[in-house]
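Please work through each task before reading its solution.

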Amino acid sequence: KNKMLGLWAAGLMGKTGADAENYARDIVMADFEKPGDHDVVHTLLRDLAAAGKPTEEHTIRKQGERFLVEAMKQVMTEVK
């Protein structure tokens, strides 16, 4: 889920290719700072605002919910 969030945000900021992948990896690593999603959301809020793409917290959280569903589908497909 967090990788997908990172790639989504990277796209909003105009990052592509390796830059987008590296940013997504950074977002995944941000999740290890504190329990829960707050660290990831805070990082995305800060980075998007700094890139001139301010985004509401609820928008990021809603996108995360969508990506969680997608990530769960991908995991279940791989487990089969």
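**Exercise 1.** Determine which residue Asp-47 meets in a salt bridge, and whether Asp-47 is buried or exposed.

*Solution.* Step 1: apply the criterion for a salt bridge, a side-chain nitrogen of Lys or Arg within 4 Å of a carboxyl oxygen of Asp or Glu.
Step 1: classify the accessibility, where buried means under 20% relative accessible area, exposed over 50% and partly exposed in between (1.4 Å probe, protein chains only). Asp-47 is buried because its relative accessible area is 19%, whereas Arg-46, at 47%, is partly exposed.
Step 2: Leaving out residues up to four places away in sequence, Asp-47 touches Met-13 and Tyr-23, contact meaning heavy atoms within 4.5 Å.

The model is predicted: local features need pLDDT of at least 70, side-chain atom pairs count only at pLDDT 80 or more, and totals for chains, interfaces and linings use all residues. Residues are numbered from 1 along each chain as its sequence is written, and side-chain values use heavy atoms, without hydrogens and water.

**Exercise 2.** Characterise the salt bridges of Arg-61 and Lys-62.

*Solution.* Step 1: Arg-61 pairs with Glu-57, the closest N and O atoms being 2.9 Å apart. Both lie in helix α4, 4 residues apart, or about one turn.
Step 1: Lys-62 pairs with Glu-65 at 3.8 Å between the closest N and O atoms. These residues are 3 apart in helix α4, so about one helical turn separates them.
Step 2: Arg-61 is partly exposed at 32%, as is Glu-57 at 34%.
Step 3: the whole structure contains 5 salt bridges.

**Exercise 3.** How do helices α1 and α3 pack?

*Solution.* Step 1: the axes of α1 (residues 2-12) and α3 (residues 38-50) are 11 Å apart, at an angle of about 10 degrees. Axes are lines fitted to C-alpha atoms over the stretch in contact, and angles run from 0 to 180 degrees between N-to-C directions.
Step 1: α1 is therefore roughly parallel to α3, a class for angles under 35 degrees.
Step 2: the contact is made by Asn-2, Leu-5, Ala-9 and Leu-12 of α1 with Val-40, Leu-44 and Leu-48 of α3.

Terms used. Helices (H or I, at least four residues) and strands (E, at least two) are DSSP runs, numbered from the N terminus. Angles under 35 degrees count as roughly parallel, over 145 as roughly antiparallel, 65 to 115 as roughly perpendicular and the rest as oblique.
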